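Subject: A structure for you to look at

Hi there,

Here is the structure I promised to pass on. Please have a look at it, and then read on for what turned up.

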Amino acid sequence: FGYKTHVAMSDDRIITGIEVTDGAQNDGKQLPKLIEKSKKNGVNVKEVVGDMAYVSDDNLKACEKAEVTLYAKTNSAVAAAANSELDEGFSYNKDAHMLQCPAGNLAMRMDSQVAKSGNTHLKFVFSKKICKKCPLFEQCKINKGPEFSYCFTDPNEEHKARLNFENSDEFNKKLEVRHRIEEKNGEMKTTHGFRRADSVGLIAMRLQAYLTAVVVNMKRIVASI
């Protein structure tokens with residue numbers, strides 16, 4: 001029926017905030033709203049554990065401003081940039097200030113472009129004449145298009161710092177509780193009929209979500225007494 005439900009939950013598995021949107025809305029943009037709703041419901045939000053949909057430059061800045069630590073794997077685009085590594089055999093020749101291929105040949109030139117994210121996209125163009133005579137030509141990782149080139153991304157410092165944080169033991173330990181929210185979603189859908197909308201329209205869907213959250217919260221509270 002084209003709706004999305006975003007749920008915030010406390011450590012003791014009590015739902016603290018719900019945001020219901022139509023299916024076209026971006027998942028990541030709901031994070032600041034969920035944090036704000038949780039705070040209004042009396043939760044002192046210091047950490048958020050979620051999925052990669054919530055990791056964006058805007059959300060990271062919003063979390064930093066709110067003094068909230070976001071434990072979520074960075075989205076694939078940023079990860080690809082920050083994890084950019086040279087293929088085996090390629091190296092950067094500091095003396096020539098140019099990329100060197102596994103056969104020892106230097107690129108002829110370097111083209112660079114800075115993206116809005118601050119990452120720098122680099123393209124090193126090699127000589128077709130030299131490359132075609134190279135004994136490593138067939139297995140070489142050089143892009144054999146109109147130009148023979150090798151491309152990679154040099155991430156900005158913020159993305160490097162983020163990826164270092166995500167590789168830490170602390171980060172991975174926090175992600176171990178990520179399954180809890182999926183279990184809560186499963187309870188709402190399987191046990192309380194949240195898999196299907198009871199009525200038509202966004203307002204009706206929100207009402208169904210709020211009532212379902214009240215029920216599962218009451219069950220959790222009673223079970224903990």
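To begin, in which strand is Val-7 found? It belongs to S1, the strand that covers residues 3–9. Please keep in mind that this is a predicted model.

Val-7 has a relative accessible area of 13%, so it counts as buried, the cut-off being under 20%. Apart from its neighbours within four places in sequence, Val-7 is in contact with Ile-15, Gly-17, Ile-18, Leu-34, Ile-181 and Asn-185. Its C-alpha atom is separated by 14 Å from that of Asn-41, which is 34 residues apart from Val-7 along the chain.

Next comes Glu-166, which sits in helix H5 (residues 157–166). Glu-166 is buried too, at 2% relative accessibility. A polar atom of the Glu-166 side chain lies 2.9 Å from the backbone nitrogen of Thr-74. Not counting residues up to four places away in sequence, Glu-166 touches Thr-74 as well as Ala-72, Lys-73, Phe-171 and Asn-172.

Most residues other than glycine have a negative phi. Arg-13, however, has a positive phi of about 70°, and Glu-67 has a positive phi of about 60°. Arg-13 is in the loop between S1 and strand S2 (15–22), where it is partly exposed at 24% relative accessibility. Glu-67 is in the loop between helix H2 (57–65) and strand S4 (69–71), and at 58% relative accessibility it counts as exposed.

Key:
Residues are numbered from 1 along each chain as its sequence is written. This is a predicted model: local features need pLDDT of at least 70, side-chain atom pairs count only at pLDDT 80 or more; totals for chains, interfaces and linings use all residues. Side-chain values use heavy atoms; hydrogens and water are left out. Helices (H or I, at least four residues) and strands (E, at least two) are DSSP runs, numbered from the N terminus. Buried means under 20% relative accessible area, exposed over 50%, partly exposed in between (1.4 Å probe, protein chains only). A polar contact is a pair of N or O atoms within 3.5 Å; within protein, one must be able to donate a hydrogen and the other to accept it, and residues adjacent in sequence count only if both atoms are side-chain atoms. Contact means heavy atoms within 4.5 Å.
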